[in-house]
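Here is a short briefing on one protein model. Please look over the sequence and the structure before reading the points below.

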Amino acid sequence: MTREELLRAVRALPLCNDAAAFAALVQRVHPSDMAEALETLDSKKLAQLLPGLKAEALAGLFVYFSEERQIGLLQELPRKTVVALFEAMAADDRVDLFHDLDEAARQRLLAALLRVERDDILRLAAYPEGSVGSVTTSDYVAVQPDMRVAQALAHVRATAADKETIYVIYVQDKDGRLCGTLSLRELLLADDTMTISAIMRRNPVFARASWPMGKASELISRYDLLALPVINGGDAMIGIVTVDDAMDIEKQEDAARLARFGGTVATDGDDLDILASPFRKMFGVRVFWLVLLTLFGVVTSTFVAAQEAILSQVIVLAAFIAPIVDMGGNAGSQSATLVIRAMALGDVRLCWHDVWRVVRRELPVAASLGLVVAGLESTLAYFSKGIGADVLLVVGLSMLVCTVLGGLIGVLLPFMARRVGTDPATLSSPLITSIMDLVGVFVYFALAYAFLGDLLHQTAGV
């Protein structure tokens, strides 16, 4: 079914109000595509169709709705449908949804759930947002080390139906402590009489529930895992973080890094959403950064204003302030972006060897770029403004030096941020540009005084 056909079918749903036709359509279409198409319906109309789905199909579809749509639907759906939805959802998904409910809705929901689901939600919901525990699911298969392979296979068959993943099996002792892991393939190929302790992999990679959730994503990526076991402070295993959860974490962190680098991060750490964030928050966050950058601008403009003497003698110098300082900021932002990317990929670490390696790599590139833009700027200035060689020399050298300094400062700032324990991505691009504006005007007027200072002496002599 094409996207256009799906959209036409979805638009016709409220008219026919055929629950059976809707259920059949959901079975034919991937939940992600279906959820996207259903965004065209308002929550009230959609809430009339969803109760006709089986609980598993409803849960599979519901997780692809936006957070705002999920909350709206929960307010419209019958209580019976909401309870069935929570019971069918994966443990980590229902905890995320539980966090989004207000306190009254939480209490009503908990009262309606079975004790097993209620206890599981409360246990995982106790971990703070942003921690590994908050993205952990308890839907995994565990066996004991003294089991025979035949026993373990029978246990897997009996419990696998309602688990999120069974490709990795976790070995726990009687107190729930993690002893090792083995793959389903290894279990199937092993001799039935062997014990699990004889074939399991010992000392598995794990994460603690209290760690930042980004650590789980990092470990899954580094060790190429399908799932990562999570243990609590008492070394008991509480669940797993799956590879698809890790992808979601990386997506969230990429969005957060982009917000920080763009200078739109909130002081409470929450990302701005141009569609969902309230006006007060949108204004407050952005005005904070703009005020900060304005202060940099005032310092820069005050310094420029103090150069009235030389500007009055060589007024054309004022025309080149903007392009010169902008070039330094642009070069710095480019370099910082490359270093932050390398840090995120693990290509460079916080050590003198890597700092020197990056500087040594950046310096000839920045110098070459500086020569190109300096030559271009000087050539254009000569033909467009007809200025003398002494001013061209100041402009060209300033462009070269600012480009090189911008590149070097851009590669060093992320290392400095990491050294003081700050995420390098918090170095916003506007902040780097403002720093380079200030450095740029110092460089520009220092060179102007060095090469054109005799004009001031001549004026003073007169």
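Three strands make up an open sheet of mixed pairing, in the order E5-E6-E7. Strands pair here if DSSP finds at least two bridges between them. Helices (H or I, at least four residues) and strands (E, at least two) are DSSP runs, numbered from the N terminus.

This is a predicted model: local features need pLDDT of at least 70, side-chain atom pairs count only at pLDDT 80 or more, and totals for chains, interfaces and linings use all residues. Residues are numbered from 1 along each chain as its sequence is written, and side-chain values use heavy atoms, with hydrogens and water left out.

- Strand E5 (207–208) and strand E7 (237–242) are the edge strands, each pairing on one side only.
- Strand E6 (residues 227–231) runs antiparallel to E7, and five bridges link the pair.
- Ala 227 sits opposite Thr 242 of E7.

**Overall figures**
- The protein has 21 helices and seven strands.
- Of its 462 residues, 44% count as buried. Buried means under 20% relative accessible area, exposed over 50%, and partly exposed in between (1.4 Å probe, protein chains only).
- Contact means heavy atoms within 4.5 Å. Among contacts between residues at least 6 apart in sequence, 67% join residues at least 24 apart.

**Nonpolar cores**
- A nonpolar core is a set of buried Ala, Val, Leu, Ile, Met, Phe, Trp, Tyr and Cys residues joined through side-chain atoms within 4.5 Å.
- The largest core has 43 residues; Val 10, Phe 22, Met 34, Leu 38, Leu 50, Phe 62 and Phe 86 touch the most other members.
- Leaving out residues up to four places away in sequence, Val 10 touches Leu 25, Met 34, Ala 37, Leu 38, Thr 40 and Leu 41.
- Another core, of 21 residues, lies apart from the largest one; Phe 320, Ile 321, Cys 402 and Phe 445 are among its members.

**Helix H5**
- Ala 57, Leu 58, Ala 59, Leu 61 and Phe 62 are buried in helix H5 (residues 55–62).
- The cover over the buried residues of H5 includes helix H2 (19–28), helix H3 (31–38), helix H6 (67–76), helix H7 (79–88) and helix H8 (91–100).

**Tyr 167**
- Tyr 167 lies in the loop between helix H11 (149–159) and strand E2 (168–172).
- Tyr 167 is exposed, at a relative accessible area of 57%.
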